[in-house]
Amino acid sequence: MRVGTTNIGQRAGNLGLCLAAVSLLFSVTSCRKEAVATRDESPARPTADVIAEADTLYAGRGDLTRVRQGLIALRHSQATEAGNYDLAWRLAKFDYYLASHTLDDTERDKAFREGIEAGKLAVKLQDGKPDGHFWLGANYGGSAKVSMLTGLAEVDEIKQEMEKVLKLDEGYQAGSAYMVLGQVYLEAPRLLGGDTQKAIDYFQKGLRFGANNPLLRWHLAQAYADANRK
């Protein structure tokens with residue numbers, strides 16, 4: 001009888017330990033769930049604050065790490081503000097800059113693709129504003145330089161977006177829409193409408209708004225050289 005009583009006591013003790021362990025497990029799991037819920041329920045940052053931060057980061061874009069940080073902030077905000085135009089066109093701008101300056105081909109191609117999608121969204125949200133059209137066209141142009149086949153398909157899209165910018169705001173970005181159109185005519189094969197004189201005409205028109213735009217002047221000098229205008 002003593003042996004049986006001892007076994008029963010041991011089993012009861014073991015059962016108590018098991019119940020205590022299960023109780024502790026549920027307690028820990030519950031705490032984790034509450035912690036996750038607390039994090040998920042934290043309020044999103046105001047979009048205006050995110051945009052201000054992104055603009056500050058872009059001002060230091062010589063360091064591509066700041067451009068990448070800006071992209072992360074903008075994408076995170078867009079997850080809850082998918083219909084925000086100012087987020088969309090800035091994403092297209094940041095993607096274009098990153099793609100144009102990174103030395104990583106994979107990062108470059110991904111940034112151009114995402115820049116095009118962001119630009120398309122911006123145009124869809126606000127067709128009557130120039131920012132979306134300009135940065136969509138810029139990403140088309142950057143992608144065209146990378147791939148000859150892509151470039152052949154996108155020449156018309158680049159022209160279309162930049163001409164739209166000129167209708168909405170002729171002097172946008174110090175005449176940069178004229179500059180992009182000039183580049184298209186300067187660099188496109190003649191079979192696709194390449195025309196050095198048209199390029200010169202666009203660059204010269206751009207000078208009315210971008211007299212201090214060094215990149216515009218540099219492209220105009222290229223066009224003069226191609227036309228043997230010393």
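Keep in mind as you click along that the model is predicted.

**Stop 1: the whole chain**

Start with a cartoon view. The chain holds ten helices and zero strands, and along the sequence its pattern reads α-α-α-α-α-α-α-α-α-α. Now colour by burial: 39% of the 230 residues count as buried. Among contacts with a separation of 6 or more, 59% join residues 24 or more positions apart.

**Stop 2: H3 and H4**

Two packed helices are described by the angle between their axes and the distance between the axes. Select residues 64–78 for H3 and residues 85–101 for H4; this pair packs at an angle of about 150 degrees, with the axes 10 Å apart. Because that angle is over 145 degrees, H3 is roughly antiparallel to H4. The crossing of H3 past H4 is left-handed.

Next, show side chains where the two helices meet. On the H3 side, pick out residues including Leu-64, Val-67, Leu-71 and Leu-74; on the H4 side, Leu-87, Leu-91, Phe-94 and Leu-98 are among them. Arg-68 and Arg-75 of H3 also take part in this contact, as do Arg-90 and Asp-95 of H4. Sorted by type, the contact residues comprise ten nonpolar, four polar and four charged.

**Stop 3**

Then centre on Met-162. Leaving aside residues up to four places away in sequence, Met-162 touches Phe-134, Gly-137, Ala-138, Ala-177, Val-180 and Leu-181.

**Stop 4: H8 and H10**

Finally, select residues 172–187 for H8 and residues 214–226 for H10. Their axes come within 10 Å and cross at roughly 30 degrees, which means that H8 runs roughly parallel to H10. This crossing, too, is left-handed.

To see the contact itself, display Ala-174, Met-179, Gln-183 and Leu-186 from H8 together with Leu-215, Leu-216, His-219, Gln-222, Ala-223 and Asp-226 from H10. By type, the residues here are six nonpolar, three polar and one charged.

Notes. Residues are numbered from 1 along each chain as its sequence is written. This is a predicted model: local features need pLDDT of at least 70, side-chain atom pairs count only at pLDDT 80 or more; totals for chains, interfaces and linings use all residues. Side-chain values use heavy atoms; hydrogens and water are left out. Axes are lines fitted to C-alpha atoms, for helices over the stretch in contact, and angles run from 0 to 180 degrees between N-to-C directions. Helices (H or I, at least four residues) and strands (E, at least two) are DSSP runs, numbered from the N terminus. Angles under 35 degrees count as roughly parallel, over 145 as roughly antiparallel, 65 to 115 as roughly perpendicular and the rest as oblique. A crossing is left-handed if the near helix is turned anticlockwise from the far one by less than a right angle, and right-handed if clockwise. Contact means heavy atoms within 4.5 Å. Ala, Val, Leu, Ile, Met, Phe, Trp, Tyr, Cys and Pro count as nonpolar, Asp, Glu, Lys and Arg as charged, and the others, Gly among them, as polar. Buried means under 20% relative accessible area, exposed over 50%, partly exposed in between (1.4 Å probe, protein chains only).
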